[in-house]
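User: I'd like to go through the salt bridges and the helix packing here. Could you start with the terms you use?

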Amino acid sequence: MAKKETGVENLHKIPADLKKILDVSSKASVTWEDITPLARNEWICWVTSAKKSETRDRRIKIMLENLSVGKRRPCCWAGCMHR
C-alpha cells in the first residue's frame, strides 16, 4: 500500500459507530482531533480488534473516557499490528 499524505501506511477508516459516538462526546472529540493519525489508528485498531461485541463495547467506553481526559493512546497495548 502506498504511503498516505501523512506518511503513515495502513491508516484505518473510522467505523461509523465509533464516529457517531465521538461526534456526541465533545471532550473526547477535542482530543481525537488533536492526536496524530497514528494515534487515531491505534485507537481504531484497539477497538476493532476485539473478538466479542462485549469487548468492543467496553473498549469504546474506555476509549471515550480516556480521550475525554486527554489521554492520547490506548494503555498497555502493543500497538496496531498493521504498522
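Analyst: A salt bridge here is a side-chain nitrogen of Lys or Arg within 4 Å of a carboxyl oxygen of Asp or Glu. Please keep in mind that this is a predicted model.

User: How many salt bridges does the count come to by this rule?

Analyst: The count comes to 5 salt bridges, and one of them joins arginine 56 to aspartate 17, with the closest N and O atoms 2.8 Å apart. That pair links distant parts of the chain, since arginine 56 sits in helix H4 and aspartate 17 in helix H1 (residues 16-24), 39 residues apart.

User: And aspartate 17, what does its relative accessibility count as?

Analyst: Aspartate 17 counts as partly exposed, at 35% relative accessibility.

User: What about glutamate 42, which side chain does it meet in a salt bridge?

Analyst: Glutamate 42 meets the side chain of arginine 73, at 3.3 Å from N to O. Glutamate 42 belongs to helix H3 and arginine 73 to the segment after H4, so the pair ties together parts 31 residues apart in sequence. Glutamate 42 counts as buried at 6% relative accessibility, whereas arginine 73, at 33%, counts as partly exposed.

User: Switching to packing: at what angle do the axes of H3 and H4 cross?

Analyst: The axes of helix H3 (residues 37-48) and helix H4 (residues 53-68) cross at roughly 155 degrees and come within 8 Å. Angles over 145 degrees count as roughly antiparallel, which makes H3 roughly antiparallel to H4.

User: Which residues make the contact?

Analyst: From H3 they are Trp43, Trp46, Val47 and Thr48, and from H4 they are Arg56, Arg59, Ile60, Ile62, Met63, Asn66 and Leu67. The residues of this contact divide into 7 nonpolar, 2 polar and 2 charged.

Methods. Residues numbered from 1 in each chain as written. Predicted model: local features only at pLDDT ≥ 70, side-chain atom pairs only at ≥ 80, totals over all residues. Heavy atoms only, no water. Axes fitted to C-alpha atoms, helices over the stretch in contact; angles between N-to-C directions. Helix = DSSP H or I, 4+ residues; strand = E, 2+ residues; numbered from the N terminus. Parallel < 35°, antiparallel > 145°, perpendicular 65-115°, else oblique. Contact = heavy atoms within 4.5 Å. Nonpolar A, V, L, I, M, F, W, Y, C, P; charged D, E, K, R; others polar. Buried < 20%, exposed > 50% of the residue type's maximum accessible area, 1.4 Å probe, protein only.
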